[in-house]
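Thanks for making time this morning. I would like to walk you through one model, going from a helix to the ligand and then to the charged side chains.

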Amino acid sequence: MGQTETEEISLIEINNLAKQVFSKFGCDADNANALAKTVSTAERDGSLSHGLFRVPGYVASLKSGKVNGKAQPSIEQSLESVITVDGKMGYAPFSLEKGLPVLAEAASKSGIAVMRLINSFHFAALWPETEFLAEKNLTGIACTVYKPTVAPAGAKKPFFGTNPMSFAWPRPGKNPVVFDMATSTLALGDVQIAARDGHSVPHGTGLGPDGNPSDDPNEILKGVLLPFGGYKGSAISLMIELFSAGLTSDNFSYEAAEKDNNDGGPPKGGELVIAISPELVAGGGWVSHSEKFLEKLEGLDGLRMPGERRHKNRLNKGPRSINKELLSKIRNFL
Ligand code: NDP
């Protein structure tokens, strides 16, 4: 068993620590605040692979100069329902903070709107994007690419990124239904955490460098991850490449890798966010209709709704247990 000692630290301390580190390595207040919020809300919700765990990668990409910590994104609305946010080579969170309200307003007027986020670096979970839309009574889908880490079904070489996708459906007065998932069997961060903590991963997660299935995360990190659900997950990952790169005209995963400096931070890539107004598309009865369906679903024995674990974690305002080695690495940045 590897290093799993933890330290209790409050969410405010997590936010402050992340903010201090990002500021020290060149982020302006807008970007440091948006990034620290991304990190601390991930820890709040128990999205461990996208909280403090990502700070060393953010620092590496600021140090190498790949990402502009002072980027001020610009927004263009070429059609009423097409919004382009140019991240100006900064991290995604501040661009999203600026762009999502514009997207929500456009979808609330037109019924559907799409946001292309370009020239940006995404290293986080995607539920904040879709939950933001659901809070505005919109349903949404967000997706992005990464670098080749996943072998498409039938292949043994990496070509797709871990290509996450999030979906949220609004439930006025309740938490939305949200799923947010990598299209690899496990997110890369979770495989890295399993390697760090000395745990094995389920068979089917990936192949070792010899092309054979393995449950050793260290072997898989030298080899390749697999898509979830065989050719079906592979097809969804293909769609995400085309949505996130084909529709944004930013990098496909393979292009991101060709241009990346491999500093350990996120590669440059596009994100596509689609927002739809159930009120304008389905009409006034959408809440009672979808609620009846969701209540029946929730009533099934043994079922747990996606998003439920995170929303439950969110209610806990207490400190979080953070890996000690990680904390000391982050504190040593200051
Ligand atoms: P998980 O497999 O842990 O969970 C995927 C989804 O399924 C979640 O919405 C989760 O809800 C839900 N879920 C989990 N278990 C159950 C269950 N038993 N019944 C019903 N629903 C369930 O996530 P992944 O490992 O695939 O992804 C982790 C994160 O990594 C995501 O946030 C993703 O955005 C991020 N990521 C980001 C990348 C980037 O480049 N920016 C790349 C790849 C991944 P709940 O949250 O409540 O557990």
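This is a predicted model: local features need pLDDT of at least 70, side-chain atom pairs count only at pLDDT 80 or more; totals for chains, interfaces and linings use all residues.

Staying with backbone angles for a moment, most residues other than glycine have a negative phi. Asn 262 sits in the loop between α9 (253–259) and β11 (268–276), and it is exposed, with a relative accessible area of 55%.

Strand β11 also holds Ile 276, which counts as partly exposed because its relative accessibility is 29%. Although Ile 276 and Ala 106 are 170 residues apart in sequence, their C-alpha atoms are 9.5 Å apart in space. Leaving aside residues up to four places away in sequence, Ile 276 touches Ala 107, Gly 111, Ile 112, Leu 138, Thr 139 and Val 281.

Let me turn to the ligand, which is surrounded by 21 residues, the closest being His 50, Ala 124, Asp 180, Ala 182 and Arg 309. An N or O atom in the side chain of Arg 309 lies 2.6 Å from a ligand oxygen, while for the side chain of Arg 304 the corresponding distance is 3.0 Å. Leu 126 contributes through its backbone, where an N or O atom is 3.3 Å from an oxygen of the ligand. Taken alone, the ligand exposes 920 Å², and the protein buries 75% of that.

Now to the charged side chains, where the count comes to 18 salt bridges. Arg 310 pairs with Asp 45, with the closest N and O atoms 2.6 Å apart, and this pair links helix α12 (residues 308–315), where Arg 310 lies, to helix α2, where Asp 45 lies, across 265 residues. Both partners are buried, since the relative accessible area is 6% for Arg 310 and 0% for Asp 45. Asp 45 also meets Arg 314 in a salt bridge, at 2.7 Å from N to O, a pair that again joins helix α2 and helix α12, here 269 residues apart.

Because Glu 298 lies in helix α11 (residues 286–298) and Arg 171 in the loop between β6 (165–169) and β7 (177–181), the pair ties together parts that are 127 residues apart in sequence. Glu 298 is partly exposed, at 36%, whereas Arg 171 is buried, at 5%.

Finally, consider Asp 28, in the loop between α1 (11–24) and α2 (29–45). Asp 28 is buried yet has no salt bridge, and the nearest side chain of opposite charge, Lys 70, is 6.9 Å away. A salt bridge would need the charged atoms within 4 Å. Outside its sequence neighbourhood of four places, Asp 28 touches Gly 69, Lys 70 and Gln 72.

Technical notes
Residues are numbered from 1 along each chain as its sequence is written. Side-chain values use heavy atoms; hydrogens and water are left out. Helices (H or I, at least four residues) and strands (E, at least two) are DSSP runs, numbered from the N terminus. Buried means under 20% relative accessible area, exposed over 50%, partly exposed in between (1.4 Å probe, protein chains only). Lys and Arg count as positive and Asp and Glu as negative; His and the chain ends are not counted. Contact means heavy atoms within 4.5 Å. A residue is near a molecule or strand if one of its heavy atoms lies within 4 Å of it. A polar contact is a pair of N or O atoms within 3.5 Å; within protein, one must be able to donate a hydrogen and the other to accept it, and residues adjacent in sequence count only if both atoms are side-chain atoms. Accessible areas come from the Shrake-Rupley method with a 1.4 Å probe; for residues, only the protein chains shown count as cover.
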